[in-house]
Amino acid sequence: MKKRQVVVKRDASGRSSSTSSSMVRCVRYGECQKNHAANIGGYAVDGCREFMASGEEGTSALTCAACGCHRNFHRREVETEVVCEYTPPNSS
């Protein structure tokens, strides 16, 4: 099951323009990159392939249910999409 956090940012700059744009940013957290053998001088990861929030649906839980690590140990993937809406000027 993939969980995503979506942040929508709208252009509210107050400019009088015939276009409006919005930016949609999808953030996904991939595999865990925590080095579990750092204290003994080695390198070992636990194999957790995707961050799964340990809290209830819709909450911002920061602990992974699969590996128990904090979300910051997981690789962050950001997808940004800019949507522009254009309204042509009236030709009267």
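## Aromatic contacts

Let's start with the rings: the count comes to 1 aromatic pair. That pair is Y29 with F51, whose ring centres sit 5.9 Å apart with planes at 65°, and since anything over 60 degrees counts as edge-to-face, that's the label it gets. Bear in mind that everything here comes from a predicted model.

Where do Y29 and F51 lie? Y29 is in strand β2, while F51 belongs to the loop between β2 and β3, so the contact ties together parts that are 22 residues apart in sequence. Both Y29 and F51 are buried, meaning under 20% relative accessible area for each.

## A charge over a ring

The charged end of K34 sits over the ring of F73, at 5.1 Å from the ring centre.

## Salt bridges

How many salt bridges does the structure hold? The total is 3. One of them joins the side chains of E77 and R28, with an N to O distance of 2.6 Å. Since E77 lies in strand β3 (residues 74–86) and R28 in strand β2 (residues 19–32), this pair ties together parts that are 49 residues apart in sequence.

R75 and E31 make another salt bridge, and their closest N and O atoms are 2.7 Å apart. Here R75 is the one in strand β3 and E31 the one in strand β2, so the pair ties together parts that are 44 residues apart in sequence. Then there's E77 with R75, whose side chains meet in a salt bridge at 2.6 Å, N to O.

## One network, and how exposed its members are

Which residues are linked in a network of salt bridges? They are R28, E31, R75 and E77. You can trace the links residue by residue: R28 meets E77, E77 meets R75, and R75 meets E31.

As for accessibility, E77 comes out at 23% relative accessibility, so it counts as partly exposed. R75 is at 30%, which puts R75 in the partly exposed class. E31, at 29%, counts as partly exposed too. The partly exposed class covers what falls between the buried cut-off of under 20% and the exposed cut-off of over 50%. Y29 and F51, back in the aromatic pair, are buried.

Conventions: Residues are numbered from 1 along each chain as its sequence is written. This is a predicted model: local features need pLDDT of at least 70, side-chain atom pairs count only at pLDDT 80 or more; totals for chains, interfaces and linings use all residues. Side-chain values use heavy atoms; hydrogens and water are left out. A salt bridge is a side-chain nitrogen of Lys or Arg within 4 Å of a carboxyl oxygen of Asp or Glu. Helices (H or I, at least four residues) and strands (E, at least two) are DSSP runs, numbered from the N terminus. Buried means under 20% relative accessible area, exposed over 50%, partly exposed in between (1.4 Å probe, protein chains only). Rings of Phe, Tyr and Trp (its six-membered ring) pair if their centres lie within 6.5 Å; planes under 30 degrees apart count as stacked, over 60 as edge-to-face and the rest as tilted. A charge sits over a ring if NZ of Lys or CZ of Arg is within 6 Å of the ring centre and within 35 degrees of the ring normal.
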